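Please read them with the structure open.

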Amino acid sequence: MPPQRLDARTDPSLLGLHRFNEADSGAVEEALLACCGSHRWALRLTAHRPYPDIPSLLAAASEASYDLRPADLAEALADESWMPQPLLGMRAPGSQAARTALRAAHAAYEARFGHVFVVCLEGVDPEEMLDAVLTSIRTRLANDPDEERLVSAEELRRIALSRLEHLVAVKS
């Protein structure tokens with residue numbers, strides 16, 4: 001597929017995709033690893049460039065997420081634990097008691113499943129984040145390990161797609 005002709009006047013969203021398609025493979029792979037920590041996932045998306053449009057890129061990313069092997073998922077989840085951020089939900093408004101409960105829930109989750117808790121919070125109001133995370137952790141603690149692996153994989157897929165969409169967004 002030849003590189004697409006861009007006309008930022010008619011579709012400025014293509015500018016970010018053009019940069020993604022034209023960038024050095026190593027740089028693209030590193031950028032993709034910031035979206036999802038699976039090397040296999042990042043290599044697959046890098047190798048299939050160029051993408052004709054953002055929906056095609058996101059569809060390819062979603063498909064690659066569904067094809068993650070258990071080792072790939074473990075790699076991506078381990079990468080999430082190295083993210084330099086506080087526990088998920090800790091920045092949201094809420095009481096000190098809720099924050100203490102959240103710390104305990106995160107610890108219980110990691111002890112039970114052996115990896116950090118991941119959940120996509122896109123569309124959740126900041127005022128509701130702490131409660132949403134706490135409710136989600138408590139609910140998912142009841143899952144058996146195989147069921148939780150599937151839920152974690154789906155949440156990681158949603159997070160990766162959101163990050164990827166931001167990656168190819170036009171930067172002013």
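**Charge pairs and a helix surface**

1. Glu154 is partly exposed, with 26% relative accessible area. The model is a predicted one. Salt bridges with shared partners link Arg40, Arg69 and Asp72 into one network.

2. Glu154 pairs with Arg157 in a salt bridge, 2.7 Å from N to O. Both residues sit in helix α8 (residues 145-167), three residues apart, about one turn of the helix. Arg157 has a relative accessible area of 13%, so Arg157 counts as buried, the cut-off being under 20%.

3. Arg69 is partly exposed at 47% relative accessible area. Asp72 is buried at 5%.

4. Is the pair Arg140 and Glu148 buried or exposed? Arg140 has 6% relative accessibility and is buried. Glu148 is buried too, at 0%. Their side chains meet in a salt bridge of 2.6 Å, N to O. The whole structure holds nine salt bridges.

5. Asp125, Glu127, Glu128 and Asp131 make up a negative surface patch. Glu128 belongs to helix α7. Glu128 is partly exposed, with 46% relative accessible area.

6. Ala132 is also in helix α7, which spans residues 126-140. Ala132 is partly exposed at 28% relative accessibility. The C-alpha atoms of Ala132 and Val119 are 9.5 Å apart, and the two residues are 13 residues apart along the chain.

Definitions and conventions
Residues are numbered from 1 along each chain as its sequence is written. This is a predicted model: local features need pLDDT of at least 70, side-chain atom pairs count only at pLDDT 80 or more; totals for chains, interfaces and linings use all residues. Side-chain values use heavy atoms; hydrogens and water are left out. Helices (H or I, at least four residues) and strands (E, at least two) are DSSP runs, numbered from the N terminus. Buried means under 20% relative accessible area, exposed over 50%, partly exposed in between (1.4 Å probe, protein chains only). Patches are made of residues with over 30% relative accessible area and no salt bridge: like charges are joined within 9 Å, nonpolar side chains (Val, Leu, Ile, Met, Phe, Trp, Tyr) within 5 Å. Accessible areas come from the Shrake-Rupley method with a 1.4 Å probe; for residues, only the protein chains shown count as cover. A salt bridge is a side-chain nitrogen of Lys or Arg within 4 Å of a carboxyl oxygen of Asp or Glu. Lys and Arg count as positive and Asp and Glu as negative; His and the chain ends are not counted. The place of a charge is taken as NZ of Lys, CZ of Arg, CG of Asp or CD of Glu.
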